[in-house]
Amino acid sequence: MIVPAASLGISAASGQYVARLGWGPDNRRSEVLAQEVLLPDQVPLYLDVAYWIYSEELCDVGYYDRFRVYINDDIVSENDRLCRSDNTGGWKWARMDLSAYAGHRVILAFEIFSHSFDPLASIVVLDALQLSQ
């Protein structure tokens, strides 16, 4: 999951290592990266993250790959129709409002899911996560 960016043929948005979620040589179709975090007690509170999406999924089918970000069991960001049109071709930035969770100990989780019967898959690479006001 945590790999040198160079092993993926890309440069990291920050540092040398990135988190890679998604299809791998073991045919894994679902992957979760999670950690317990004590969030600062400050409002507003945002999570900024660099992401890079690569998807082989067709955009005109009845089922799609999915990418979600959770705080505990709450979805704070979701793309439930992840497909080729979402390919970024480089780093993009996302900002998520975590103000409702400020001052709490939470589980922050990133999840990617592809249907097991689908031969096409998606990969999301994450880097440079930071909390900001």
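Cys-59 has a relative accessibility of 32%, so it counts as partly exposed; buried means under 20% relative accessible area, exposed over 50%, and partly exposed in between, with a 1.4 Å probe and protein chains only. Cys-83, at 5%, is buried.

Before going on, a note on the source: this is a predicted model, where local features need pLDDT of at least 70 and side-chain atom pairs count only at pLDDT 80 or more, while totals for chains, interfaces and linings use all residues. Residues are numbered from 1 along each chain as its sequence is written, and side-chain values use heavy atoms, with hydrogens and water left out.

What joins Cys-59 to Cys-83? A disulfide does, with 2.1 Å from S to S; the cut-off for a disulfide is a pair of cysteine sulfur atoms within 2.5 Å. The pair links distant parts of the chain, 24 residues apart. Cys-59 sits in the loop between strands S4 (46-55) and S5 (65-71), and Cys-83 in the loop between S6 (74-82) and S7 (92-97). The torsion about the S-S bond is about 100°, so this disulfide is right-handed. The structure holds one disulfide.

Now the whole protein. It has nine strands and zero helices, counted as DSSP runs from the N terminus: E of at least two residues for strands, H or I of at least four for helices. Of its 133 residues, 42% count as buried. The C-alpha trace spans about 45 × 35 × 25 Å along its principal axes.
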